[in-house]
Amino acid sequence: MSPLRLVLLGRQGAGKGTQGIRLAEHYGAAHVSTGDMLRAAVAEGTEFGRRAGEIMDRGDLVPDDVMVGVVQERLAKDDARTAGFLLDGFPRTVVQAEALDDLLAPDGLTAVVNIDVPLDEVRARMRSRGRADDTDEAIERRLSHYEEQTAPLIAYYETGSLLVAVHGLGTMDEVFERLVAAIDEARGPS
Ligand code: AMP
């Protein structure tokens, strides 16, 4: 079976991070979280990290060309090329999605999984997780960026028949099982 090339979509607080780690382990694929990569750069204190950190604290998006460069470099590494990957937090805009299509041509993605959790629920989850960058203002900015810039990706991937929707309410194990069932079905028989 060809390596898994997956995009996880979903609002912040939908469980992408937690489920992404478990799914990557389950499928033996690389977990590529752009948020984690940016937070690592912030922790290293590089000039890039400093600038990215300011943007993240405001709840804004890092520019598309920067993010595309980061992901291009990461997907070129051996593990992602041979074992496949699970993208978590990228793409977040249609421009990023188009760049990803170019990067992956001619193979393309295996599937795009949208973890669907209602707005009120993710708002409550983000408020309670207590991350330093989770001020009320930043939360609202991130949610509105999602609706304006990232939600259009649902239509983008529906058009390409890549989209699989998974109901994201329930226990972590329940959602994980739904995700695995949806991904296995999208991959088809081995
Ligand atoms: P996350 O951990 O995925 O919620 O990402 C945390 C923050 O990193 C976001 O609120 C953005 O500021 C930034 N970020 C992560 N991925 C991207 C991306 N693909 N495009 C733009 N900004 C991003």
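This is a predicted model: local features need pLDDT of at least 70, side-chain atom pairs count only at pLDDT 80 or more; totals for chains, interfaces and linings use all residues.
View 1. The ligand sits in the largest pocket. Around the ligand are 15 residues. Q12, T34, R39, D60 and G89 are the closest of them. By type, the shell holds six nonpolar, five polar and four charged residues. Helix α2, residues 34-44, contributes the most to this shell. Its share is four residues.

View 2. D60 belongs to the loop between α3 (47-58) and α4 (64-75). Is D60 buried or exposed? Its relative accessible area is 17%, so D60 counts as buried, the cut-off being under 20%. The side chain of D60 makes a polar contact of 2.7 Å with the side chain of R141. Another polar contact, of 2.8 Å, links the side chains of D60 and H145.

View 3. Most peptide bonds are trans. The bond from F90 to P91 is cis, with omega near 0°. P91 is placed in the loop between β3 (84-88) and α6 (94-104). A cis peptide bond also joins A105 and P106, where omega is about 5°. P106 lies in the loop between α6 and β4 (111-116).

**View 4. S161, a residue with positive phi.** Most residues other than glycine have a negative phi. What is the phi of S161? The value for S161 is near 55°, which is positive, and the residue is not glycine. S161 is found in the loop between α9 (152-159) and β5 (163-167). With a relative accessible area of 65%, S161 is exposed, because the cut-off for that class is over 50%.

**View 5. Q19 and V175, apart in sequence.** Q19 is part of helix α1, residues 16-27. Q19 has a relative accessible area of 4%, so this residue is buried. How many residues separate Q19 and V175 in sequence? The separation is 156 residues. In space, the C-alpha atoms of Q19 and V175 are 8.1 Å apart.

**View 6. G15 and I115, brought together by the fold.** G15 sits in the loop between β1 (4-9) and α1. Relative accessibility of G15 is 22%, so G15 counts as partly exposed. Along the chain, G15 and I115 are 100 residues apart. Their C-alpha atoms are separated by 7.7 Å.

Definitions and conventions:
Residues are numbered from 1 along each chain as its sequence is written. Side-chain values use heavy atoms; hydrogens and water are left out. A residue is near a molecule or strand if one of its heavy atoms lies within 4 Å of it. On a 1 Å grid over the protein atoms alone, a cavity is a set of points where a 1.4 Å probe fits but cannot get out, and a pocket is an open set with protein on both sides within 12 Å along at least five of seven lines; lining residues have an atom within 4 Å of a point. A molecule sits in a cavity or pocket if more than half of its atoms lie within 2 Å of its grid points. Helices (H or I, at least four residues) and strands (E, at least two) are DSSP runs, numbered from the N terminus. Ala, Val, Leu, Ile, Met, Phe, Trp, Tyr, Cys and Pro count as nonpolar, Asp, Glu, Lys and Arg as charged, and the others, Gly among them, as polar. Buried means under 20% relative accessible area, exposed over 50%, partly exposed in between (1.4 Å probe, protein chains only). A polar contact is a pair of N or O atoms within 3.5 Å; within protein, one must be able to donate a hydrogen and the other to accept it, and residues adjacent in sequence count only if both atoms are side-chain atoms.
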